[in-house]
Amino acid sequence: MKAYILKNFFNMKEKILVTGGTGYIGSHTTVELMNAGYDVVIIDNLSNSNEKVIDGIEKITGKRPVFVKGDCTDLETLKKLFEDNPGIKGIINFAASKAVGESVQKPLLYYRNNLNTLINLLQLMPEYGVEGIVFSSSCTVYGEPDVNPIDETAPIKCATSPYGNTKQISEEIIEDYVASGAPIKSIILRYFNPIGAHPSGCIGELPLGVPQNLVPFLTQAAAGIRPELTVFGDDYNTPDGSCIRDYIDVVDLAKAHVIAMERMLNGQDHDAIEIFNLGTGNGLSVLELINAFQEATGVKVPHKIGPRRAGDIEKIWANPYKANHVLGWKAEADIKDTMRNAWQWQCNCNRK
């Protein structure tokens with residue numbers, strides 16, 4: 001019995017705070033963290049998610065994360081969280097508004113939410129002994145790229161939306177704070193376009209109200225919940241005229257966060273700040289993605305061509321060499337499997 005207790009003691013991993021953990025990427029990352037042996041504390045204000053997501057996480061992992069309903073822009077709420085849950089060693093920050101189009105319409109909402117959340121977290125990390133933060137950034141920091149694919153040395157350009165600007169500013173805030181001598185580490189993950197759902201069908205992307213992202217709108221149109229999907233522009237300089245993106249499976253993306261956290265907390269001598277692009281290395285147009293969904297599921301997606309949308313980039317996809325060879329992560333999911341998982345999740349939501 002003593003040997004068993006010692007074995008389990010040494011196999012225990014750290015306690016991680018996942019902000020925005022009932023959201024799309026946050027919930028999938030929580031699953032992967034818990035499957036890897038981490039204890040997880042979630043904070044979410046449920047502004048774009050549902051507390052029932054916790055049930056899905058528990059169904060997949062057999063464990064239930066600690067959940068705190070609260071807003072990360074409130075410093076006192078965060079202080080109480082750290083006091084009630086001592087021993088948090090790492091943070092993965094997903095607590096941010098994230099829709100390009102909405103950010104153009106509501107810029108102050110995006111600046112207030114995204115920047116104040118990060119500043120509060122950074123301020124409290126040294127006080128409560130938190131060693132590292134994985135920051136959820138975006139390929140939007142590259143703006144409209146000169147060439148594709150993009151690696152981490154590509155120039156940071158003027159943001160094409162307030163959402164993208166909050167990511168640029170947030171990265172600068174982290175860099176300035178670490179340079180000031182703050183005793184923390186950070187890994188900044190620049191996502192390309194996360195899509196799909198967990199293969200179990202227990203969790204997926206289900207925003208409140210009208211979806212702001214492509215795939216949930218696509219699946220809702222296919223299910224008849226929305227009359228049709230609008231493709232924003234078919235006159236771009238691309239083979240079929242629609243925008244090109246690097247679509248990455250959300251489970252692949254979630255696994256990268258676990259690897260990043262392990263890298264920060266394993267005690268090895270890495271740079272205090274590291275940046276990695278997370279993508280597949282392949283670009284797909286919006287119309288190609290619609291076709292991939294239809295081929296994978298046999299379900300038609302009613303869609304029409306509309307005008308270009310403010311803030312959209314024409315084409316962008318990743319060079320994931322650094323993530324593959326330094327971080328030790330690679331996107332593995334096939335696009336048709338990803339679309340089937342997204343459709344399975346939509347069908348499960350329809351039955352609830």
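**View 1. Contacts across the whole chain.** In this predicted model, take contacts (heavy atoms within 4.5 Å) between residues at least 6 apart in sequence: 80% join residues at least 24 apart. Local features need pLDDT of at least 70, side-chain atom pairs count only at pLDDT 80 or more, and totals for chains, interfaces and linings use all residues. Residues are numbered from 1 along each chain as its sequence is written, and side-chain values use heavy atoms, without hydrogens and water.

**View 2. Overall fold and dimensions.** The protein has 12 helices and 13 strands. These are DSSP runs, numbered from the N terminus: helices are H or I with at least four residues, strands E with at least two. The C-alpha trace spans about 60 × 45 × 40 Å along its principal axes. Of the 352 residues, 53% are buried, meaning under 20% relative accessible area with a 1.4 Å probe, protein chains only.

**View 3. Helix α3 and its buried side.** Helix α3 covers residues 53–61. Its buried residues are V53, I54, G56, I57 and T61. They lie on the same side of α3, because they cover an arc of only 160° around the axis. That arc is taken from the directions from the helix axis to the C-beta atoms. An α-helix has 3.6 residues a turn, so residues three or four places apart point the same way.

**View 4. Neighbours of α3.** The buried residues of α3 pack against helix α2 (24–35). They also pack against strands β2 (39–44) and β3 (66–69). G62 follows α3. The phi of G62 is positive, near 80°.

Technical notes: Buried means under 20% relative accessible area, exposed over 50%, partly exposed in between (1.4 Å probe, protein chains only).
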